[in-house]
Amino acid sequence: MTTTTMSYQQMHEWMHGMREKAPVHFDRESNVYAQVFGYAEAFTALTEYKDFSSDLSDLSPEKPEFELFREGSFINLDPPVHDQLRGTVSKAFTPKVIADLEPRIATVTDELLEQAGTEFDLVEQLAYPLPVIVIAELLGIPTSDRPLFRKWADTLLSQNIAADDVVDDALVEAVLPTMHEMNEYLLDHIRSRRRNPGTDLTSHLTLVESEGRTLTDSQIVGFVGLLLIAGHITTTALLGNSAILLDERPELLPELRANRELVPQAIEEFLRIRSPFPRLARKARHDLELGGVTVPAGTPLLLWIASANRDTAQFSAPDALDIHRHPNRHLAFGKGIHFCIGAPLARLEARVALNRLLDKYSGLAVAGEPQFFNPMSITSAKYLPVSGSLA
Ligand code: HEM
């Protein structure tokens with residue numbers, strides 16, 4: 001079995017075994033990647049950006065489609081460009097802007113749940129449409145095009161470059177048409193907003209000045225694409241994962257219903273124990289040492305944050321779901337300069353959605369066989385049949 005074909009359960013068993021042996025694994029002779037399984041080591045790699053770069057462009061193919069997207073996709077850029085672009089979007093993503101979205105998020109959730117009935121696919125009815133509608137509205141992109149965004153995300157997520165793979169030409173070829181379609185769609189949207197600006201975030205990005213210059217269309221493509229894709233697939237994952245965990249621990253439903261103040265901390269625990277992104281990538285900027293292992297300059301590293309979030313050195317009884325866990329310094333949103341910019345939005349969406357589910361259903365159970373994405377890419381259901389008893 002390779003890491004590419006593991007189930008979720010097998011992935012956790014594998015990470016557990018690796019973590020028990022050593023927090024960092026790297027054998028120069030046989031490995032392309034150094035792999036990090038310990039919490040402290042993952043924390044260091046995330047926070048010490050001068051040692052660990054997020055720019056892995058030399059590992060991805062030299063194709064115009066990738067290069068266009070990369071220009072503004074600041075998740076894969078280092079300072080100073082990362083900080084300039086992130087600073088630009090942060091101004092439009094203030095805590096007040098996010099908090100003001102709460103009534104709209106509640107309305108969208110209610111409309112979606114009204115159509116849901118008692119037997120439904122939680123992904124189709126709620127976990128997918130809610131975050132995609134919210135982020136598309138923020139970006140001024142027609143929400144009716146969401147089947148298209150779903151197709152893009154599905155294609156990009158199914159192309160998994162796992163721990164034991166190097167960049168595979170066939171995978172790259174399979175993604176190119178999707179990248180092309182997405183780039184063209186976003187470019188059209190950006191150009192139309194430049195001509196007729198509105199109050200949305202894309203219009204803001206066409207107008208904003210960074211160091212005396214406005215951003216170019218090609219810089220905005222990766223930027224908007226990153227927000228559009230990162231802005232929904234992960235929250236979809238979180239909502240589905242929450243329902244799965246509540247199905248495993250049904251006694252939590254009445255506890256949460258009776259004490260809504262526990263909802264935010266339950267969400268943090270769901271993020272820790274079923275982290276949507278199992279791993280992040282970095283590259284050693286120079287020869288360095290991590291967890292007692294020498295990592296030569298240029299080596300790519302996989303930081304298994306799903307493993308770090310189960311490290312006994314950081315969390316007591318880490319395999320147990322404990323909604324009262326405090327503190328809970330999980331790494332599901334990353335750490336350091338790339339800490340998820342959408343975390344406040346994701347937390348708000350999850351809080352509203354979970355509260356509305358608790359209002360509507362006294363019981364909610366998985367009723368059938370869910371389907372999942374490859375857990376090595378993203379821990380997320382793509383089909384989640386549930387049965388709810390009305391409250
Ligand atoms: C449960 C939901 C989410 C999870 C688990 C999640 C996870 C993450 C993680 C782990 C990172 C760090 C990546 C790294 O260090 O390499 C990240 C960064 C990022 N996330 Fe999220 N995310 C979520 C929701 C969102 C939402 C709703 C948005 C947009 C509205 C968003 C936009 C971004 C962006 C733009 C970055 C890059 C930040 C930077 O590089 O400075 N995310 N996210």
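Some ground rules. This is a predicted model, so local features need pLDDT of at least 70 and side-chain atom pairs count only at pLDDT 80 or more, while totals for chains, interfaces and linings use all residues. Numbering starts from 1 along each chain, as its sequence is written. Helices (H or I, at least four residues) and strands (E, at least two) are DSSP runs, numbered from the N terminus.

For the classes: Ala, Val, Leu, Ile, Met, Phe, Trp, Tyr, Cys and Pro are nonpolar, Asp, Glu, Lys and Arg are charged, and the others, Gly among them, are polar.

Next, helix 3, residues 64–72. Helix 3 packs on helix 12 at about 80°, and the axes are 5 Å apart. Axes here are lines fitted to C-alpha atoms, for helices over the stretch in contact, and angles run from 0 to 180 degrees between N-to-C directions. Helix 3 and helix 12 are therefore roughly perpendicular. The cut-offs: under 35 degrees is roughly parallel, over 145 roughly antiparallel, 65 to 115 roughly perpendicular, and the rest oblique.

Who touches whom? From helix 3, Leu68, Phe69, Arg70, Glu71 and Gly72 meet Ser218, Gln219, Ile220, Val221, Gly222, Phe223 and Gly225 of helix 12. Contact means C-beta atoms, placed from the backbone, within 7 Å. That contact of helix 3 with helix 12 divides into five nonpolar, five polar and two charged residues.

Helix 3 also packs against helix 10 (residues 169–195), at about 45° and with axes 9 Å apart. That angle makes helix 3 oblique to helix 10. The crossing of helix 3 over helix 10 is left-handed: the near helix is turned anticlockwise from the far one by less than a right angle, where clockwise would be right-handed. Helix 3 brings Glu65, Phe66, Leu68 and Phe69 to the contact, and helix 10 brings Leu176, Met179, His180 and Asn183. Five of the residues in the contact of helix 3 with helix 10 are nonpolar, two polar and one charged.

Now the sheets. Strands of a sheet pair through backbone hydrogen bonds, either parallel or antiparallel. Pairing here requires at least two DSSP bridges between the strands.

Strand 2 (residues 34–36) runs parallel to strand 10 (residues 300–304), joined by three bridges. Ala34 stands opposite Leu301 in strand 10.

Another open sheet has three strands, ordered 4-14-11, and its pairing is antiparallel. Its edge strands are strand 4 and strand 11, each pairing on one side only. The twist averages 30° from one strand to the next. Helix 13 packs on this sheet, touching strand 11 and strand 14, with its direction at about 95° to that of strand 11.

The pairs in detail. Strand 4 (residues 119–121) and strand 14 (residues 385–390) share three bridges, and Asp121 stands opposite Pro385 in strand 14. Strand 11 (residues 361–366) joins strand 14 through five bridges. There, Tyr361 stands opposite Leu390.

Last, some backbone checks. Where are the cis peptide bonds? One joins Pro79 and Pro80, with omega about 5°. Pro80 is in the loop between helix 3 and helix 4 (81–91). Another cis bond joins His326 and Pro327, with omega about -5°. Pro327 lies in the loop between helix 16 (305–308) and helix 17. Ala317 also lies in the loop between helix 16 and helix 17. Its phi is near 40°, a positive value in a residue other than glycine.

Definitions and conventions:
Two residues are in contact if their C-beta atoms, placed from the backbone, lie within 7 Å.
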